[in-house]
Amino acid sequence: MATFPEEPIYAQLARIGKALASPVRLRLLDVLDQRERTVEELAQAAGIPLKNTSAQLQQLRAAHLVIGRREGAHVRYRLAGEEVSRFLGDFQSFADGRLADLRDAVRHRLGSLEGVSADELAARLEDPGTVVIDVRSADEYAAGHVPGAVSVPMAELPGRLRELAGEAEIVAYCGGPYCVVSPEAVRLLRAHGQDARPLDGGFLGWRRAGKPLEH
């Protein structure tokens with residue numbers, strides 16, 4: 001029995017809060033925001049056991065944050081719409097402004113490297129003094145990337161340092177705002193004398209800012 005007249009309304013709103021009340025589900029949403037994936041691909045990309053990934057996906061589907069489509073023997077999952085991506089970006093920005101513990105956790109995992117904003121990079125895409133590298137996998141790069149970015153998966157970066165050497169500033173990006181790979185790439189580049197900075201927010205920050213993509 002409702003304790004106040006509006007309780008059924010707030011109960012529906014709470015479904016979204018419940019869906020977001022899990023670090024695992026938040027991680028899955030960020031990974032799906034990069035591209036469509038099967039449950040197996042999603043589990044691998046997110047670093048989460050397959051059985052847990054499948055169970056968490058069902059909760060996200062129940063809240064209409066994720067949808068799936070069948071392709072042969074597999075179901076491919078994606079966010080339910082661009083508005084979900086924008087909501088996640090706003091949610092993360094709001095939390096960053098409210099939670100000092102979140103900011104501390106980000107600094108602890110990513111360090112305190114000065115980044116390049118999406119607006120700054122967009123203004124510099126035609127600048128020959130700027131080289132943009134995408135340190136995600138080749139598949140993720142193919143699904144969508146910053147215009148003009150060069151695909152340099154992190155595993156290949158040590159062997160391609162000579163190729164990237166020069167006077168241009170390198171802007172490196174990976175998947176999302178909490179991805180640790182691009183800061184690692186920047187530190188490696190700097191250790192070899194290269195001027196480098198990470199892209200604030202990574203690929204998701206770029207896309208959520210409404211910037212153009214190449215496929």
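Analyst: A polar contact here is a pair of N or O atoms within 3.5 Å, where one must be able to donate a hydrogen and the other to accept it. Please keep in mind that this is a predicted model.

With that in hand, let's look at arginine 136. This residue sits in the loop that links strand S4 (130–134) to helix H8 (138–143). Its relative accessible area is 5%, and because buried means under 20%, arginine 136 counts as buried. The side chain of arginine 136 comes to 2.7 Å from the backbone oxygen of glycine 144. The backbone oxygen of glutamate 140 is also reached by the arginine 136 side chain, at 3.4 Å.

Now for the wider surroundings. Setting aside neighbours within four places in sequence, arginine 136 touches Gln34, Tyr141, Gly144, His145, Pro153, Tyr173, Cys174, Gly175 and Phe203.

Gln34 leads us on to helix H2, which covers residues 23–34. Gln34 is itself one of the buried residues of H2, as are Arg25, Leu28, Leu29, Asp30, Val31, Leu32 and Asp33. The length of H2 can be checked too: at 1.5 Å a residue its twelve residues should span 16 Å, and the end C-alpha atoms lie 17 Å apart, so the two agree.

For a contrast with buried arginine 136, turn to phenylalanine 4, in the segment before helix H1 (7–20). Phenylalanine 4 is partly exposed, with a relative accessible area of 35%. Together with Ile9, Tyr10 and Leu13, Phe4 makes a nonpolar surface patch of about 440 Å².

Notes: Residues are numbered from 1 along each chain as its sequence is written. This is a predicted model: local features need pLDDT of at least 70, side-chain atom pairs count only at pLDDT 80 or more; totals for chains, interfaces and linings use all residues. Side-chain values use heavy atoms; hydrogens and water are left out. Helices (H or I, at least four residues) and strands (E, at least two) are DSSP runs, numbered from the N terminus. Buried means under 20% relative accessible area, exposed over 50%, partly exposed in between (1.4 Å probe, protein chains only). Contact means heavy atoms within 4.5 Å. The expected span of a helix is 1.5 Å times one less than its number of residues. Patches are made of residues with over 30% relative accessible area and no salt bridge: like charges are joined within 9 Å, nonpolar side chains (Val, Leu, Ile, Met, Phe, Trp, Tyr) within 5 Å. Accessible areas come from the Shrake-Rupley method with a 1.4 Å probe; for residues, only the protein chains shown count as cover. A salt bridge is a side-chain nitrogen of Lys or Arg within 4 Å of a carboxyl oxygen of Asp or Glu.
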